[in-house]
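Subject: Structure handover

Hello,

Here is the structure I promised to pass on. Please open it first, then read my notes below.

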Amino acid sequence: MTEDDGALRVAIVGVCRRLFHAGLIAGPDGNVSVRRPDGRILVTPAGLSKVDVEPHDLVVLDPDGQHVDGARRASSEVAVHLRAYATRPDVGAVVHAHPPTATGFAVAGEGLAADVLPEIILQVGVVPLVPYETPGTSTLADRCAPVLREHDAFLMANHGATTVGPTLLLAHQRMESVEHAARILLTARLLGRVQRLSDAQVQALNATRLASRPGVSR
Ligand SMILES: [Zn+2]
């Protein structure tokens, strides 16, 4: 294990615990991965509760998913992570969770609108909904691929949410933002009034987000 690999493992374990303590996953739900500088993927193992994952439990895969190192089996949902890395050279980390309110929108058949909250527009823009496929299948990864090309966060129908980022820090922040936005949107609906931003207001926020990502056309 190199020094870099050790630091990445500690960072993944930290995110797993934060996801658990924020209520964004329960038990073995969810999975977290990072693309190492050598191109291999460091990912959480199947079966273990995320709050119990230790750095030595993580699994190393090559980019096409072949097991390289680690005593455990990789998460069964790693196919979506591998597709994200294959689709987006700019993606360095993937976080998948089952955040309860955002997943509630996904169960209701909705993504998150991008014309309500400045913070969600600045973080990820629109959060689309990917149609349901059985978790862990390559068919689900196929469904996610076109959405991944255009978005850093998306919901998966009747399942959960996935976020990507150039760093693990950003991918994790985006997951927190998605759930936070879902809670706020739900609250506004309960109050009975959702005031939407104007097109000009949304465009100004989108311009700010895109300007912060040189080289990314979205
Ligand atoms: Zn899942």
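Cys-16 is buried, at 0% relative accessibility. Cys-144 is buried too, with a relative accessible area of 0%. Buried means under 20% relative accessible area, exposed over 50%, and partly exposed in between, with a 1.4 Å probe and protein chains only.

A word on the basis of all this. This is a predicted model: local features need pLDDT of at least 70, side-chain atom pairs count only at pLDDT 80 or more, and totals for chains, interfaces and linings use all residues. Residues are numbered from 1 along each chain as its sequence is written, and side-chain values use heavy atoms, with hydrogens and water left out.

The sheet

Eight strands form an open sheet with mixed pairing, in the order 4-3-2-1-5-8-7-6. Helices (H or I, at least four residues) and strands (E, at least two) are DSSP runs, numbered from the N terminus. Two strands pair if DSSP finds at least two bridges between them. Strand 4 (67-69) and strand 6 (129-130) are the edges; each has a single partner strand, so one side of each lacks a neighbour in the sheet.

Strand 6 pairs with strand 7 (residues 153-156) in the parallel sense, over two bridges. There, Val-130 stands opposite Met-156 of strand 7. Two helices belong with this part of the sheet. Helix 5 (residues 138-150) lies across strand 6, strand 7 and strand 8 (160-165), and runs at about 150° to strand 7. Helix 6 (residues 168-191) packs on the sheet and touches strand 1 (31-35), strand 5 (93-97), strand 7 and strand 8. The direction of helix 6 makes about 145° with that of strand 8. Contact means heavy atoms within 4.5 Å. Axes are lines fitted to C-alpha atoms, for helices over the stretch in contact, and angles run from 0 to 180 degrees between N-to-C directions.

Now strand 5. Is it buried or exposed? Five of its five residues are buried. Ala-93, Val-95 and Ala-97 are on one side, with Val-94 and His-96 on the other, so to speak of its faces, both are covered. Strand 5 pairs with strand 1 in the antiparallel sense over four bridges. It also runs antiparallel to strand 8, joined by five bridges.

Glu-77 counts as buried at 12% relative accessibility, and His-159 counts as buried at 9%.

Helix 3 and the cores

In helix 3 (residues 100-107), the buried residues include Thr-101, Phe-105 and Ala-106. Strand 6, strand 7, strand 8 and helix 6 are among what covers the buried residues of this helix. Thr-101 has a relative accessible area of 16%. It touches Glu-179, Ala-182, Arg-183 and Leu-186, not counting residues up to four places away in sequence. Just after helix 3, Gly-109 takes a positive phi of about 85°.

The largest nonpolar core has 40 residues, and Leu-19, Leu-112 and Leu-155 touch the most other members. A nonpolar core is a set of buried Ala, Val, Leu, Ile, Met, Phe, Trp, Tyr and Cys residues joined through side-chain atoms within 4.5 Å. Helix 6 gives the most to this core, with seven residues. A second, separate core of 21 residues includes Val-78, Tyr-85, Val-130 and Met-156.

Best wishes
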